[in-house]
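Dear colleague,

Please find the structure below, handed over for your review. My findings follow it.

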Amino acid sequence: MRRTETVVIGGGQAGLAMSRCLADAGVDHVVLERGRVAERWRSSSWDSLRLLTPNWQSRLPGFRYDGPDPDGYMAVPEVVDYLGRYARSFHAPVEEGTSVLAVERAGGGYRVTTDRGAWDAASVVVATGHCDTPFVPGMARQLDPDVAQVVPSGYRNPRHLPEGGVLVVGASSTGVQLADEIHASGRPVTLAVGRHTRLPRVYRGRNILWWLDAMGVFDESAAEVFDLAVSRNQPSLQLVGRSDHATLDLPALEERGVRLVGRVVGAEGPRVSLADDLVAHTAASDVRLARLLQRIDVFAARTGLDAEVAPPEDFRPFLWPAPPPTEIDLRAEGIRAVVWATGFRRLYPWLKVPVLDERGEIRHQGGVTALPGLYVIGLYFLRRRKSSFIDGVGQDALDLTTHLAAHLRRAA
Ligand SMILES: Cc1cc2nc3c(=O)[nH]c(=O)nc-3n(C[C@H](O)[C@H](O)[C@H](O)COP(=O)(O)OP(=O)(O)OC[C@H]3O[C@@H](n4cnc5c(N)ncnc54)[C@H](O)[C@@H]3O)c2cc1C
């Protein structure tokens with residue numbers, strides 16, 4: 001049995017940022033990681049994946065990008081290297097190859113059992129990631145077994161898919177990127193579109209994320225938004241990180257020949273039913289985009305940026321050439337694979353303390369649970385809109401460290 005003040009579970013950016021803040025606060029701790037530092041990037045990414053956030057936006061506590069291309073987008077090996085260098089920069093006490101099997105109450109604190117022994121600690125920080133396990137709707141089980149089903153964390157490149165057409169379900173950042181790549185490899189691609197957040201890569205000559213950063217949109221806190229549950233459910237940004245800073249939205253995909261259809265609502269053998277909601281979803285997304293661009297224009301005028309940046313650009317709403325189908329017969333159309341880009345869920349089978357809600361999510365207020373000394377970090381909109389981004393997790397780590405250190409003082 002080993003003892004420490006705090007056990008952090010997970011060696012991704014959230015666990016490392018937490019470790020850095022704990023070290024700065026003089027809190028004795030260990031980071032337990034079942035794989036290696038940045039394991040999620042190492043083992044769950046497709047070959048062509050690049051960050052959609054620019055390099056300058058990879059700010060972590062005490063560490064920032066200092067390479068030659070601040071406006072570029074890191075490929076996965078560069079992200080792995082970046083996080084590895086971060087861990088080394090402050091000698092993060094990471095125990096790699098250590099899977100947490102159970103977290104239980106013990107004495108006034110917690111016992112953390114791993115496959116390499118147990119730890120006793122006064123506090124525990126769960127940093128196992130928002131994008132933990134791919135979410136696949138239950139209807140997938142009704143699909144024809146001859147159709148290959150793939151999730152993004154298992155996808156590497158189009159060569160690994162069976163020959164033939166592909167249905168990509170979900171049009172957020174992952175879905176649009178995979179639809180584009182698979183289509184470019186010469187296969188017919190159908191993209192089933194649900195709620196999505198359309199964004200241009202560049203607006204008025206600046207990266208769209210530069211605008212959102214400058215306007216403080218990513219800093220918006222849980223207390224500032226009208227409905228936190230709605231904000232936590234927002235689809236991810238329809239963006240891709242490429243050296244040409246290209247926009248990858250639905251009009252761009254349609255122009256290239258990707259067929260767009262509505263949400264998948266049912267599956268039975270080779271038949272897939274689709275909602276008649278494509279126009280509604282794209283129209284709603286276009287309205288949100290128009291509002292955002294207007295906000296940017298007002299901000300530019302108010303802050304005197306108008307003279308520095310390009311003039312406002314025309315925003316082209318998407319107009320549909322033909323009503324999309326409400327059913328597809330995969331077999332008849334030669335569609336041999338379905339890619340479920342339908343988001344993620346989180347699993348905590350090892351969390352043996354009463355902290356999960358009926359959906360299996362950790363109950364928390366800004367990362368602080370009702371159990372003294374138990375924290376979670378890295379979840380979507382944990383404390384701020386940017387909480388799950390590389391650039392956002394540091395501020396949360398700082399706040400949670402303040403809370404945790406006060407808890408340790410009280411418990412001492
Ligand atoms: C496809 C994709 C693209 C993204 N692109 C960007 C981007 O461009 N910019 C950006 O800022 N964000 C991006 N994100 C969001 C976010 O940065 C990543 O999800 C990131 O991996 C989150 O880091 P994390 O530390 O919270 O969790 P993770 O990276 O998931 O780390 C959790 C760690 O916990 C470990 N673990 C899990 N269970 C256990 C256990 N029982 N015992 C021990 N260890 C365990 C895992 O092995 C893993 O290493 C992207 C996410 C995805 C999915």
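A polar backbone atom of Ile 390 lies 2.8 Å from an oxygen atom of the ligand, which is a polar contact (a pair of N or O atoms within 3.5 Å; within protein, one must be able to donate a hydrogen and the other to accept it, and residues adjacent in sequence count only if both atoms are side-chain atoms). The protein buries 91% of the 980 Å² that the ligand exposes when taken alone; accessible areas come from the Shrake-Rupley method with a 1.4 Å probe, and for residues only the protein chains shown count as cover.

This is a predicted model, in which local features need pLDDT of at least 70 and side-chain atom pairs count only at pLDDT 80 or more, while totals for chains, interfaces and linings use all residues. Residues are numbered from 1 along each chain as its sequence is written, and side-chain values use heavy atoms, with hydrogens and water left out.

For Arg 40, a polar side-chain atom is 2.7 Å from an oxygen atom of the ligand. For Thr 53, an N or O atom of the side chain is 2.7 Å from a nitrogen atom of the ligand. The shell around the ligand has 28 residues, of which Glu 33, Arg 40, Leu 52, Thr 53 and Ile 390 come nearest; a residue counts as near if one of its heavy atoms lies within 4 Å of the molecule. By class, the shell divides into 14 nonpolar, 10 polar and 4 charged residues, where Ala, Val, Leu, Ile, Met, Phe, Trp, Tyr, Cys and Pro count as nonpolar, Asp, Glu, Lys and Arg as charged, and the others, Gly among them, as polar. Helices H1 (13-24) and H2 (39-43) each supply at least two residues of this shell, and H2 gives the largest share, 3 residues. Helices (H or I, at least four residues) and strands (E, at least two) are DSSP runs, numbered from the N terminus.

I turn next to the salt bridges. The structure holds 28 of them, each being a side-chain nitrogen of Lys or Arg within 4 Å of a carboxyl oxygen of Asp or Glu. In one, the closest N and O atoms of Lys 386 and Asp 219 are 2.6 Å apart. This pair links distant parts of the chain, 167 residues apart: Lys 386 is in the loop between strand E21 (374-376) and helix H10 (393-411), and Asp 219 in the loop between helix H5 (208-214) and helix H6 (228-232). Lys 386 is buried at 13% relative accessible area, whereas Asp 219 is partly exposed at 36%; buried means under 20%, exposed over 50%, and partly exposed in between (1.4 Å probe, protein chains only).

Glu 220 and Arg 295 form another salt bridge, at 3.5 Å from N to O. Here Glu 220, in the loop between H5 and H6, is joined to Arg 295 in helix H8 (residues 278-302), 75 residues apart.

Arg 383 and Asp 399 meet in a salt bridge at 3.1 Å, N to O. Arg 383 lies in the loop between E21 and H10 and Asp 399 in H10, so the pair ties together parts 16 residues apart in sequence. Salt bridges with shared partners join Arg 383, Arg 384, Asp 396 and Asp 399 into one network.

Lastly, helix H4 (residues 173-184) is largely enclosed by the rest of the structure, because 11 of its 12 residues are buried.

With kind regards
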